[in-house]
Amino acid sequence: MAAAFEIDEWSGDVAPEDDDIKQAAFFPLPDALKLLGELDSTTQREPIVGCLTGDVAPGTTWLYRNRGKEETLVAPW
């Protein structure tokens, strides 16, 4: 799972308190887009990259059909 937050100012450490979270970090937008663009899963990659680039409106609903390893985009709404 990837989450994106726009932050104007930050102080302190990024330190998740949940053992299930493997990594948390802040990245400048160009770096975040590069890293997110490398995700193997289209269901994880396309919605967040589309929103962060402005290609897709915030709040767009994405519907995927998953059959085994095949992920098919049915409709971004």
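Which residues is Thr-42 in contact with, leaving aside its neighbours within four places in sequence? The legends below take this up in a predicted model.

**Figure 1. Surroundings of Thr-42.** Thr-42 is in contact with Pro-47, Tyr-64 and Glu-71, once neighbours within four places in sequence are left aside. The residue belongs to helix 2, which spans residues 42-53. Thr-42 has a relative accessible area of 18%. That is under 20%, so Thr-42 counts as buried.

**Figure 2. A nonpolar surface patch.** Phe-5, Ile-7, Trp-10, Val-14 and Phe-26 make a nonpolar surface patch of about 530 Å². One of these residues, Phe-26, sits in the segment before helix 1 (29-37). Phe-26 is partly exposed, because its relative accessibility is 42%.

**Figure 3. Asp-8 and Leu-35.** Asp-8 also lies in the segment before helix 1. Its relative accessible area is 78%, so Asp-8 is exposed. From Asp-8 to Leu-35 the C-alpha to C-alpha distance is 21 Å. In sequence, Asp-8 and Leu-35 are 27 residues apart.

**Figure 4. The whole chain, for context.** The chain has two helices and two strands. Their order from the N terminus is α-α-β-β. The radius of gyration is 14 Å, well over the 11 Å that the globule rule gives for 77 residues, so the chain is more spread out than a compact globule. Along the principal axes, the C-alpha atoms fill a box of roughly 40 × 30 × 20 Å. Of the 77 residues, 14% are buried. The accessible surface is about 6600 Å², with 51% belonging to carbon and sulfur atoms. Among contacts with a separation of 6 or more, 17% come from residues 24 or more positions apart.

Conventions. Residues are numbered from 1 along each chain as its sequence is written. This is a predicted model: local features need pLDDT of at least 70, side-chain atom pairs count only at pLDDT 80 or more; totals for chains, interfaces and linings use all residues. Side-chain values use heavy atoms; hydrogens and water are left out. Helices (H or I, at least four residues) and strands (E, at least two) are DSSP runs, numbered from the N terminus. Buried means under 20% relative accessible area, exposed over 50%, partly exposed in between (1.4 Å probe, protein chains only). Contact means heavy atoms within 4.5 Å. Patches are made of residues with over 30% relative accessible area and no salt bridge: like charges are joined within 9 Å, nonpolar side chains (Val, Leu, Ile, Met, Phe, Trp, Tyr) within 5 Å. Accessible areas come from the Shrake-Rupley method with a 1.4 Å probe; for residues, only the protein chains shown count as cover. A salt bridge is a side-chain nitrogen of Lys or Arg within 4 Å of a carboxyl oxygen of Asp or Glu. The radius of gyration is taken over C-alpha atoms; the globule rule is 2.2 Å times the number of residues to the power 0.38.
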